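Open the model in your viewer and keep the selection tool at hand. The tour below goes from one ligand site to the other.

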Amino acid sequence: MSTPVSLEELIAWTSLLSEEERLVRASVARFVRDRCQPIIAGCFEDGEFPKQLIPELGALGVLGGNLEGYGCPGMSAVAYGLACHEIEACDSGLRSFVSVQTSLVMYAIHRFGSEAQKRKWLPEMAAGRVIGCFGLTEPDHGSDPGGMKTRAKRDGDFWRLNGSKLWITNAQIADIAVVWAKTGDDEKSVTGFIVERGAEGFSATDIPRKLSMRASVTGGLSLDDVRVSEASRLPEARGLGAPLSCLNNARFGVAFGVLGAARACLEQAIAYTMGRTQFGVPLARKQLVQQELADMANEVVKASLLSLHFARLKDEGKLSPAQVSLLKRNNCRIALEAARKSRALLGANGVSGDYHVMRHAMNLESTYTYEGTNEIHALILGRALTGESAF
Ligand code: TGC
Ligand code: FAD
């Protein structure tokens with residue numbers, strides 16, 4: 001038997017990373033191994049998000065990691081992507097927390113907020129003392145947020161918000177919500193507001209019986225004539241393009257992250273089939289098993305290298321939304337396939353929480369759908385390729 005080659009060696013990422021990127025990756029991997037991995041299976045089973053880890057994520061510098069100034073570390077897109085990758089190797093729900101805080105809420109304030117809003121919220125959010133959520137999806141408007149029913153009506157120096165949002169990560173634990181509402185009927189009237197927890201008429205509700213992302217908080221937001229000051233409106237956000245540009249960033253983090261989950265599943269499948277004997281030999285000596293492992297490795301290695309290439313483009317400000325869609329769609333699909341294949345290779349043990357692959361597979365079903373479904377990204381790419389909109 002020859003010495004096995006690790007997935008890490010096949011990807012050969014390390015030689016392509018800067019010193020800073022390697023350091024970020026190593027410190028996040030250490031945190032994940034010591035602080036997250038030991039508790040995650042229990043959190044998932046209990047349907048609990050490990051809130052105690054939030055200040056530690058802040059101290060690690062991953063919250064707002066790729067933003068500049070206001071207490072944010074300003075790391076490269078590559079370093080931030082690698083942090084997402086390492087966190088999601090443990091659990092997609094943990095990475096979701098980081099994505100929503102960083103790419104959706106902090107980015108929205110950083111990009112579209114007033115100077116006062118940035119000074120007030122960003123340093124606190126980077127430290128993990130203030131938690132945010134991002135309310136775009138509604139019960140009747142998911143893939144087509146342009147059809148949202150939530151409305152904002154001017155009332156002197158205030159606004160009155162009415163409507164509801166559903167499937168909102170962090171809803172029940174958030175101190176602030178970035179809520180998107182229309183001031184008229186047109187998509188161009190989409191406006192963003194920072195709504196604080198405790199505002200009269202504003203409440204968060206649970207979504208019961210969630211079978212995916214159980215270590216993440218997901219809920220609904222209800223806005224019943226909520227009075228919000230003009231100072232809480234994001235002054236630079238005009239039209240649907242504003243929330244969609246937040247999604248570009250979040251989709252990038254998802255794409256990098258899911259490869260961490262795929263890597264964890266593949267490594268588990270390799271270890272398991274090398275250790276498990278059936279018909280007198282280790283499963284890893286069976287050709288059909290090796291074909292499954294080879295197929296998974298193929299996809300994970302290709303996706304990892306593409307992700308790194310696109311992350312470098314992002315750092316140069318050259319990554320287009322169509323490229324983000326391609327990456328998000330590809331990586332979510334191959335990660336879900338890797339989790340399902342790994343689950344099968346572990347046989348009955350594959351459905352046990354002790355081996356983690358089933359938890360990853362259940363989580364990855366959500367990543368396939370959120371931040372734009374597999375089909376919506378196909379249509380975004382189709383529109384880019386043909387110039388024809390087929391939504
Ligand atoms: P469309 O006519 O294409 O565009 C309207 C305006 O927006 C601009 N735009 C973008 N700007 C920046 N980045 C993008 N990716 C953009 N895509 C479009 C566009 O230029 C236009 O601007 P303007 O100035 O001309 O008005 O809009 P549409 O209504 O046809 O919709 C397009 C579509 C379907 C692609 C879009 O609605 C879409 O992406 N739908 C998917 C919705 C989605 O992804 N929701 C995610 C919610 S958040 C979430 O899931 C968080 S999960 C938690 C976690 O991350 O862990
Ligand atoms: P729908 O839009 O109803 O789609 C249902 C099916 O129809 C999908 O397969 C879809 O691909 C397909 N479909 C839709 N339109 C077309 C078309 N034109 N052509 C072909 N097929 C089509 N949202 C937020 O705003 N903030 C959050 O923090 C957030 N967190 C989430 C966390 C989790 C765990 C989950 C599961 C979702 C979260 N979402 C969040 C919502 C998520 O973004 C939406 O679920 C997603 O955009 C899809 O919307 P939908 O569920 O309404 O599905």
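Which polar side-chain atom lies 2.9 Å from a nitrogen atom of ligand 2? Select Thr169: the atom belongs to its side chain. Such a polar contact is a pair of N or O atoms within 3.5 Å; within protein, one must be able to donate a hydrogen and the other to accept it, and residues adjacent in sequence count only if both atoms are side-chain atoms.

Before moving on, some ground rules. This is a predicted model, where local features need pLDDT of at least 70, side-chain atom pairs count only at pLDDT 80 or more, and totals for chains, interfaces and linings use all residues. Residues are numbered from 1 along each chain as its sequence is written, chains are lettered from A and ligands numbered from 1 in the order in which they are written, and side-chain values use heavy atoms, with hydrogens and water left out.

**Stop 1: ligand 2**

Select Trp167 next. One of its backbone N or O atoms is 2.9 Å from a nitrogen atom of ligand 2. Then pick Glu375. A side-chain N or O atom there lies 2.6 Å from an oxygen atom of ligand 2. On its own, ligand 2 has 980 Å² of accessible area, and the protein covers 66% of it. Accessible areas come from the Shrake-Rupley method with a 1.4 Å probe; for residues, only the protein chains shown count as cover.

Now widen the selection to the shell, meaning residues with a heavy atom within 4 Å. It holds 18 residues, and the closest are Thr137, Ser143, Trp167, Thr373 and Glu375. Colour by class: 8 are nonpolar, 8 polar and 2 charged. Here Ala, Val, Leu, Ile, Met, Phe, Trp, Tyr, Cys and Pro count as nonpolar, Asp, Glu, Lys and Arg as charged, and the others, Gly among them, as polar. Strand β5 gives the most, with 3 residues. Strands (E, at least two residues) and helices (H or I, at least four) are DSSP runs, numbered from the N terminus.

**Stop 2: ligand 1**

Move to ligand 1. Select Glu187: a polar side-chain atom is 2.7 Å from a ligand 1 oxygen atom. At Lys188, a polar side-chain atom sits 3.0 Å from an oxygen atom of ligand 1. Arg251 has a side-chain N or O atom 2.7 Å from an oxygen atom of ligand 1. Alone, ligand 1 exposes 1,100 Å², of which the protein buries 73%.
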